[in-house]
Amino acid sequence: MIKFFRRIRYKLMEQNKTSKYFKYAIGEIVLVVIGILIALSINNWNEKQKEKNQIRNIYARIVKDFENSSKEIERDVAVMEARFSLMDRIIREEVNRDSLLTNTDYFQKYFFSTTGFPDIKIIDTGVRVLESKIELNYELNNELSEALSLLYSQLLFEIEIDEKFLTNKFSELTSHIQYKGIRVDYRINNNRSTFVDMIFEDDLFKSHFFAYSRSHRAYSRLLNKFKTRGTILMDKIKTEYHIE
């Protein structure tokens, strides 16, 4: 192509057609400029496609992270809700004292309601990658990214606060139980009566247990709230970015 234009240029010069040569030269420059612009446009389009693919991959990672966290939340919250039901029966003194003393399965069911709560880890790796992308290109900030920020910043912060509060209340409860020697008495001596007496007669235990059970319930409800809101948001992301 370049040789073709060069031959035309030489032919015009040989024929001493200066005005036509200049017109041709200008036309050639215009064609070169248009070619450069087209190349730049193609390059920009390619870069934008790469950027779109990167963003889609990040959102796909966010969806995967949430689905993994959601499964853990669903499983562990089911355990927590079952335990809370037992806790509530203890608080209301609706447990059978004689069965606690004589029935091993019945006793262990209520005994283990005081032994802790699941350690739930919510994965937010994809969201943090998206945030770093937005810092470099604020145009990526949109309705979905703002909703994700609220979910993983505001609501996750509330969950962390509730978890710390629950941990504190559980620590107070276990310290009281250990001080009473309940666990040692049961584990080593198989003596259930001290635990049973504590449930029905120890006012300080009742106070600690009530605070622990309520913080336990509040924590599980907030986890469910995170899961419910997150599921709705992930469905929007799947639709927007065609993620299976």
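Residues are numbered from 1 along each chain as its sequence is written, and side-chain values use heavy atoms, with hydrogens and water left out. As the model is predicted, local features need pLDDT of at least 70 and side-chain atom pairs count only at pLDDT 80 or more, while totals for chains, interfaces and linings use all residues.

**Aromatic pairs**

Rings of Phe, Tyr and Trp (its six-membered ring) pair if their centres lie within 6.5 Å; planes under 30 degrees apart count as stacked, over 60 as edge-to-face and the rest as tilted. By this rule there are 12 aromatic pairs. Two of them are given in the table.

| Pair | Centre to centre | Angle between planes | Type |
|---|---|---|---|
| Phe 111 and Phe 112 | 5.7 Å | 75 degrees | edge-to-face |
| Tyr 152 and Phe 226 | 5.5 Å | 85 degrees | edge-to-face |

The second pair links distant parts of the chain: Tyr 152 is in helix α6 (residues 143–180) and Phe 226 is in helix α9 (residues 203–241), 74 residues apart. Helices (H or I, at least four residues) and strands (E, at least two) are DSSP runs, numbered from the N terminus.

Burial is stated by relative accessible area: buried means under 20%, exposed over 50%, and partly exposed in between (1.4 Å probe, protein chains only). Tyr 152 and Phe 226 are both buried. Phe 111 counts as buried because its relative accessibility is 0%, whereas Phe 112, at 31%, counts as partly exposed.

Phe 111 and Phe 112 also belong to one aromatic cluster with Phe 107 and Phe 195. Arg 192 lies over the face of Phe 107, 5.4 Å from the ring centre. A charge sits over a ring if NZ of Lys or CZ of Arg is within 6 Å of the ring centre and within 35 degrees of the ring normal.

**Helix α5**

Helix α5 (residues 125–136) has 12 residues and reaches 17 Å from its first C-alpha to its last, close to the expected 16 Å. The expected span is 1.5 Å times one less than the number of residues.

Which residues of α5 are buried? They are Gly 126, Val 127, Leu 130, Lys 133 and Ile 134. Seen down the axis of α5, these buried residues fall within an arc of 115 degrees, so they line one face of the helix. The arc is that of the directions from the helix axis to the C-beta atoms. Glu 135 and Leu 136, on the other side of α5, are exposed.
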